Amino acid sequence: MADVFKITKIEITHHQLPLDPPFPASWDTQPRTKFPATIVRIHDNAGHVGIGSGDAMYGFADYQRYFVGEDPLALARHNAVLSNIEFHAGRPWPVDSALWDLAGKILNEPVWKMVGGVSNRIRTYASSGVHRPVDQMVEVARRALEMGFPALKVRFGRPSLNEDLGVLAAIRAEVGNQLELMVDCNQGWRMPWDIQAPWNLKHALEVAQELQALSVYWMEEPLHRGDYDGYAALRKQARGLRIAGGEMTREPYEFRELLTRGGLDVFQPDCVCSMGIGGLKDLAVQVVDAGHIFTPHTWGNGIGVLANAHLTAGTVGTAGAHFLEYPLDGEEWSLARRDYPLLEPVRVDAEGYINLTDAPGLGFELNEDLLRRTHSQVATFA
Ligand SMILES: [Mg+2]
């Protein structure tokens, strides 16, 4: 093994898994016929390879020279450079999780221990993603219960609020209080072509009152991510109902605004989209110390689920996170689809926990054969 480690190369490849039938994501007005994945591999001079995945990383080649030749274990330095690249270009955060995976492989330690070692397991919630008719949504809830999940998230955004509420009421009637229910309003951001305005405070409050009556655990993204005044007012007026958000919030100062203005009960930054593991491990502790919940968004492939599971289990555990998002919804969003870049999918146990091992880094192997077969020049949803 080398005495002094150096980063020698960063490789970025794109892949697209064909989806037949398509995945009609509730937050996307166009059914998805492909599931893109971009894989980042960071090599060192001793033969270790750290792996990350998240955004498409277009244009990152221009910035690789700021990493090649550097000490892979200088994680805080790399996180600071990535913050600068975030300002100049797109979201480079898969590089951060790849570097943590690489550092774990060099040090022979799992990332959950490197970030704090609070716990190696984290309780999850089943995160559904399709607007189905009432009877099928009830079936989704029944299946989540049978699989041992303690909680289920459903998506709002059907043509009328009454339809959304009808689904939620039917699920509550079926499962009683055996499942906690979360509602994602998906008003924080939009797909590129979708120019519909987000909800305003008045509408969000009306919905919040209905969710309170159905004992919903949290209401997610009821407003645009930057509507700090709206969030603070909603949270004050919807007392008792937890307000969640922040999955596409990017910068530390934005989270500071949300924290100091009292806008959120539940903070959901995703380490492969914002600030990286290195930037979020301190925020996680700050959020929980302030009496709030820290539980990342994880929608994407299993590498992102794992990176966020290590971050969350290792820093705040289930006591600080309550539940971590586990995307799963019928054949449209199966484990085989979600985790196709991985040799083994990220599973939960019979109580809905992800159990992280002592394997170094993020503890997964790539399905190189399937990645070869799904190789692509682009990473798009259609
Ligand atoms: Mg969400």
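The C-alpha centres of domain 1 and domain 2 lie 23 Å apart, with domain bounds that come from an automatic or database domain assignment. This is a predicted model, in which local features need pLDDT of at least 70, side-chain atom pairs count only at pLDDT 80 or more, and totals for chains, interfaces and linings use all residues. Residues are numbered from 1 along each chain as its sequence is written.

- The assignment places domain 1 at 7–108 and domain 2 at 114–355.
- Across the boundary, 32 residues of domain 1 are in contact with 28 residues of domain 2, a contact being two residues whose C-beta atoms, placed from the backbone, lie within 7 Å.
- On the side of domain 1 that touches domain 2, helix 2 gives the most, with six residues.

**Overall form**

- The protein has 13 helices and 13 strands, which are DSSP runs numbered from the N terminus (helices H or I, at least four residues; strands E, at least two).
- The C-alpha trace spans about 60 × 45 × 40 Å along its principal axes.
- Of the contacts in the protein with a separation of 6 or more, 76% join residues 24 or more positions apart.

**Burial and helix 10**

- Of the 382 residues, 48% count as buried, meaning that 20 or more other C-beta atoms, placed from the backbone, lie within 10 Å of the residue's own.
- Helix 10 is largely enclosed by the rest of the structure, because 14 of its 14 residues are buried.
- Just after helix 10, G317 takes a positive phi of about 60 degrees.

How values were computed: Buried ≥ 20, exposed ≤ 12 C-beta atoms within 10 Å, placed from the backbone.
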